[in-house]
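My entries follow in the order of looking.

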Amino acid sequence: MAVTADLEKIVDKAYQDKSLQEILDAPVEALAGVSVNGGKLIREALGVKTIGELGRNKYFRAAQALAALADAS
């Protein structure tokens with residue numbers, strides 16, 4: 001099944017033409033709205049270095065699941 005996303009709203013301009021794997025391997029500050037300092041804080045607080053690690057982080061997954069449950073009720 002094909003999945004599409006508007007990368008202009010998700011990642012910085014420098015990453016919009018990259019492959020999915022390149023985006024997942026990119027530092028978290030490649031996400032739109034995450035500053036270099038914000039990326040540094042995420043790395044220091046959670047040990048998360050890449051977008052892929054952030055997306056797979058157990059705390060973020062738990063928070064997303066809880067939010068989805070709340071939205072469904």
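I looked up Ile 10 and found it partly exposed, at 38% relative accessible area; buried means under 20%, exposed over 50% and partly exposed in between, with a 1.4 Å probe and protein chains only. The model is predicted, and local features need pLDDT of at least 70, side-chain atom pairs count only at pLDDT 80 or more, and totals for chains, interfaces and linings use all residues. Residues are numbered from 1 along each chain as its sequence is written, and side-chain values use heavy atoms, with hydrogens and water left out.

I listed the contacts (heavy atoms within 4.5 Å) of Ile 10: leaving out residues up to four places away in sequence, Ile 10 touches Ala 5, Ala 30, Leu 31 and Ala 32.

I then turned to salt bridges (a side-chain nitrogen of Lys or Arg within 4 Å of a carboxyl oxygen of Asp or Glu) and found 3 in the structure. Lys 9 pairs with Asp 6 at 4.0 Å, N to O; Lys 9 is exposed at 67%, whereas Asp 6 is partly exposed at 39%.

Arg 43 and Glu 29 form another salt bridge, their closest N and O atoms 2.9 Å apart. I noted Arg 43 as partly exposed at 28% and Glu 29 as buried at 17%.

Lys 40 and Glu 44 also meet in a salt bridge, at 4.0 Å, N to O. Lys 40 is partly exposed at 43%, and Glu 44 is exposed at 54%.
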